[in-house]
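Please have the sequence and the model open while reading.

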Amino acid sequence: MNLSNSQVYSVIWHNDAVSLIDQTRIPYEYALVEIHRCDDMARAIKTMIVRGAPAIGVAAAYGMYLGAREIKTDKRDVFLTELEKVAVMLRATRPTAVNLFWAISRSMKVAYEMLGTVDDIRKALLETAQAIQVEDLQTCQAIGDNGLKALPANPHQLTLLTHCNAGALATAGYGTALGVVRSAWREGRLTRVFADETRPRLQGAKLTAWECAQEGIPVTVITDSMAAHCMKQGLIHAVVVGADRIAANGDTANKIGTYSLALVAKAHNVPFFVAAPLSTIDFDLTNGSGIPIEERDPTEISQIGETIITPTIGVDYYNPAFDVTPAELIEAIITENGVFAPKDLVKSKELQPV
Ligand code: MRU
């Protein structure tokens, strides 16, 4: 399937409802799911119809507005109490990506600070969701362009390896790690992207490969276990990944498998970059040990699609969805406000969006 317009927007506000690209159907089908209610938005985040740290932040902000629309009162106190319940429900969807919590807190702050009628608050919540979405798109474009300063100068044309999907689908558009890829492609600095398939949910094979193919960016899908071999063969000049939460010291939570990729990159002297908005940095955490790691259903391991691939009895599973890459394995963190060595991340604190 090919989209005539290669611009991909994971979240679309249209006709008083939110349309989400159903990311569980890509690449087989491009389908939109229309969301009218906040509990449906919570379900969409949980089931990964919408996924990727910045995208679930945007989706949750719209979820806050949908929830506000459903609260039938014009009493400010009652309204704010009910809105807190919406926030609790949306926060309970996925624990690792800090953007979700950041977007919900920003919406709650707007609600508390808005003087005026309940209708004024509802309006402000919609405007907040739209602002978060627009800002994220601009942020990703800036991250992409800043990535050009961080990438190795030699050779001029690079082969980049990425993990999971940190693309337009995972953000308001353009992507973080894939934003760097897009900018490098636009500037003639990229020959090819290698995409780890990203077991168990295959975001690399399904989503990253699809996004690149849409735009004619040469992409090679490999299984996760092939990265070391490819590096040894000199096929990879740099690794660029996204992030779900970055602690103050630069330790970075991202899709499971990122940590082993960083170790392999270090062993082969391949620079390893994290591309993420400042809203992904959690300055409340001094290091990565406090980052909550989501555990998902064992069927993500025991099945491929509907097909069971493991013995049905006598087998246990452990399915952490994220891991934490220690800061010392990270060459630099590429943000919308510049490129930071992990140890210098604290300098970005005052630049962080509120
Ligand atoms: O479980 P997912 O698919 O939501 O995980 C996504 C990732 O790990 C991404 O790399 C991360 O959210 C950054 S997206 C710009």
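Predicted model: local features only at pLDDT ≥ 70, side-chain atom pairs only at ≥ 80, totals over all residues.

Which residue in E2 stands opposite Val 11? That residue is Leu 20.

- Three strands, in the order E1-E2-E3, make up an open sheet with antiparallel pairing.
- Strand E1 (11–14) and strand E3 (32–35) are the edge strands, and each of them pairs on one side only.
- From one strand to the next, the twist averages 25 degrees.
- Four bridges join E1 to strand E2 (residues 17–21), and the sense of this pairing is antiparallel.

**Helices on the sheet**

- Helix H1 (residues 38–46) lies across E2 and E3, and its direction runs at about 145 degrees to E3.
- Helix H2 (residues 53–70) also packs on the sheet, where it touches E1 and E2. The direction of H2 makes about 25 degrees with that of E1.

**H2 against H3**

- Two packed helices are described by the angle between their axes and the distance between the axes.
- For H2 and H3, the angle is about 145 degrees and the axes are 9 Å apart.
- The crossing of H2 and H3 is right-handed.
- From H2, the contact takes in Ala 60, Gly 63, Met 64, Gly 67 and Ala 68, which meet Leu 83, Val 86, Ala 87 and Leu 90 in H3.
- Sorted by class, this contact has seven nonpolar, two polar and no charged residues.

**H3 against H4**

- Helix H3 (residues 76–91) and helix H4 (residues 98–113) have axes that come within 10 Å and cross at roughly 175 degrees.
- H3 is therefore roughly antiparallel to H4, since angles over 145 degrees count as such.
- On the H3 side, the contact is made by Leu 80, Leu 83, Ala 87, Leu 90 and Arg 91.
- On the H4 side, the contact is made by Leu 100, Phe 101, Ile 104, Met 108, Ala 111 and Tyr 112.
- By class, the contact of H3 with H4 has 10 nonpolar, no polar and one charged residues.

**Gln 303**

- Gln 303 belongs to strand E12 (residues 303–304).
- Within 10 Å there are 14 other C-beta atoms, so Gln 303 is partly exposed; a buried residue would need 20 or more, and an exposed one 12 or fewer.
- Leaving aside residues up to four places away in sequence, Gln 303 touches Ile 308 and Ile 309.
- Gln 303 and Ala 68 are separated by 235 residues in sequence and by 38 Å in space, C-alpha to C-alpha.

How values were computed. Residues numbered from 1 in each chain as written. Helix = DSSP H or I, 4+ residues; strand = E, 2+ residues; numbered from the N terminus. Contact = placed C-beta atoms within 7 Å. Pairing = 2+ DSSP bridges. Axes fitted to C-alpha atoms, helices over the stretch in contact; angles between N-to-C directions. Parallel < 35°, antiparallel > 145°, perpendicular 65-115°, else oblique. Nonpolar A, V, L, I, M, F, W, Y, C, P; charged D, E, K, R; others polar. Left-handed = near helix turned anticlockwise from the far one by under 90°.
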